[in-house]
Amino acid sequence: MRRVSSIVLALGLVLGLGVWGCRRQDAAEQAQGRTRLVFKYQPLWGPPEPFRELLARFERENPGVELVTEALPNASDLAHQFFLTSLEGGARDFDVLVADVVWVPEFARAGWIADLSREFPPERLREDFFPGPVEAVVVEGRTYAVPWYLDVGVLYYRTDLVPRAPRTYAELERFAREAMAKTPGLQGYVWQGRQYEGLSCNVYEALWGHGGRALSEDGRVLLDDAPAREALAYLRGLIERGVSPATVTGFAEEESRRVFQEGRAVFMRNWPYAWSEAQKPGSPIRGNVGIAPLPTVSGEPGSGALGGWQLAVNAHVSPERRRLAARLIAHLTSPEANRVLALHYARNPPRPAVYQDARLREEAPFIAGLLPLVERARPRPVTPYYNLISDVLQSEFSAAVAGLRTPEVALKRAQRQVDHLTGEGP
């Protein structure tokens with residue numbers, strides 16, 4: 001806790017967004033009826049003024065509120081550990097919190113975040129937001145968070161090396177081999193094969209691309225089935241056939257990006273952030289990069305793994321603070337707030353309507369062009385046990401991709417362990 005608290009304090013000081021408004025809560029303020037509302041979030045990385053103004057507008061519209069923002073560690077695992085420790089201990093010193101897309105079911109089941117169904121009915125979320133983010137925040141028919149911004153796995157390709165984006169896995173391999181034959185030393189396809197959560201995203205994208213599902217109809221995490229076996233065999237096969245380098249088993253996002261941006265690969269799976277890096281002055285591939293949905297077996301546009309952050313309310317706070325916290329969430333997830341985050345912080349909106357905004361299309365055409373990809377984004381298994389089972393998934397997926405175990409053996413082991421941890425099973 002000391003380490004996490006130190007990181008939070010340091011980030012707040014560095015960003016200049018760490019504290020908004022006065023932090024005093026003296027007797028005079030209480031006499032005036034002011035309510036102190038604390039919002040904990042991860043750094044947005046960008047000019048502080050637009051976000052400050054967004055927060056200031058909320059204070060102007062709610063003069064009885066003193067709004068304080070505190071930045072969390074940028075590393076997702078540290079932020080998760082901070083919330084586990086704080087919320088399990090019944091902390092009431094913050095009101096609104098960010099939650100990774102896979103945390104909401106876990107926090108909801110533990111009773112740590114408030115039911116927001118009255119303020120944000122599930123049916124209204126389904127009207128206003130993309131299906132993937134809604135699936136991640138609605139647990140057993142109740143709303144426990146609201147999508148703030150999202151991410152999605154996409155395919156990058158070199159427009160100067162291939163005729164178009166591949167639609168099938170077979171096309172990807174064929175296009176890669178043709179380009180590699182013309183340029184010695186060129187890699188075909190780089191992705192995230194290291195043993196960490198990024199590998200799970202890659203595996204689930206391949207699973208969906210082979211027609212699989214993450215969960216059964218009754219909510220069991222599906223692993224030991226034909227699409228999962230085909231997905232792992234496909235990823236391992238990319239390495240065995242030389243389409244992907246053997247070193248991909250040590251790649252996370254940045255290792256993949258560097259290889260691709262240095263002009264040493266034809267294709268890359270990554271997140272949208274890599275686009276702006278590829279287009280920077282001095283980039284060897286600037287102007288020669290395209291982005292497309294991930295390929296599939298059938299040729300239908302693939303689904304990228306859903307990433308991003310949601311806003312939730314600490315269930316331990318008072319009813320009055322809970323009411324104001326829900327009002328702050330409505331403000332920060334509004335279409336206007338979506339535009340601010342997209343234009344100034346390159347955060348992808350979770351609302352389809354915002355992608356049609358004229359200013360967004362003019363000033364951030366890349367984000368506006370992501371619409372068909374984010375429409376198809378899908379979450380990893382929506383289960384309260386996800387963070388409990390993620391280590392098992394990463395370990396067994398890694399063993400199969402690295403060739404230490406066959407896909408069949410790895411998935412049987414994973415299914416047995418996951419069923420034991422979740423109490424599910426046939």
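Q: What makes E3 and E11 partners, and how do they run?
A: Two strands count as paired once DSSP finds at least two bridges between them. In this predicted model, five bridges join E3 to E11, and the two run antiparallel. Ala99, for one, stands opposite Gln310 in E11.

Q: How do you know that E6 pairs with E11, and in which sense?
A: Again, at least two bridges are needed, and E6 and E11 (residues 306–313) have six, in the antiparallel sense. One place to look is Leu150, whose bridge partner in E11 is Gly308.

Q: What is the order of the strands in the open sheet?
A: The five strands go E2-E1-E3-E11-E6, with mixed pairing.

Q: Why do E2 and E6 stand at the edges?
A: Strand E2 (65–71) and strand E6 (146–152) each have a single partner strand, so one side of each is left without a neighbour in the sheet.

Q: Why is E11 called largely enclosed by the rest of the structure?
A: A residue is buried when its relative accessible area is under 20%. Eight of the eight residues of E11 are buried, so the strand is largely enclosed. That goes for both faces: Leu306, Gly308, Gln310 and Ala312 point one way, Gly307, Trp309, Leu311 and Val313 point the other way, and all are buried.

Q: How many of the 426 residues in the protein chain are buried, as a percentage?
A: With the cut-off at under 20% relative accessible area, buried residues make up 58% of the chain. The chain exposes about 17,800 Å², with carbon and sulfur atoms supplying 50% of that area.

Q: How do you know whether the radius of gyration agrees or disagrees with a compact globule?
A: For 426 residues, a compact globule would come out near 22 Å; the protein chain has 22 Å, so the value agrees. Along its principal axes, the C-alpha trace spans about 75 × 55 × 40 Å, and the chain holds 19 helices and eleven strands.

Q: What share of the contacts between residues at least 6 apart in sequence join residues at least 24 apart?
A: In the protein chain, 74% of them do.

Terms used: Residues are numbered from 1 along each chain as its sequence is written. This is a predicted model: local features need pLDDT of at least 70, side-chain atom pairs count only at pLDDT 80 or more; totals for chains, interfaces and linings use all residues. Side-chain values use heavy atoms; hydrogens and water are left out. Helices (H or I, at least four residues) and strands (E, at least two) are DSSP runs, numbered from the N terminus. The radius of gyration is taken over C-alpha atoms; the globule rule is 2.2 Å times the number of residues to the power 0.38. Buried means under 20% relative accessible area, exposed over 50%, partly exposed in between (1.4 Å probe, protein chains only). Contact means heavy atoms within 4.5 Å. Accessible areas come from the Shrake-Rupley method with a 1.4 Å probe; for residues, only the protein chains shown count as cover.
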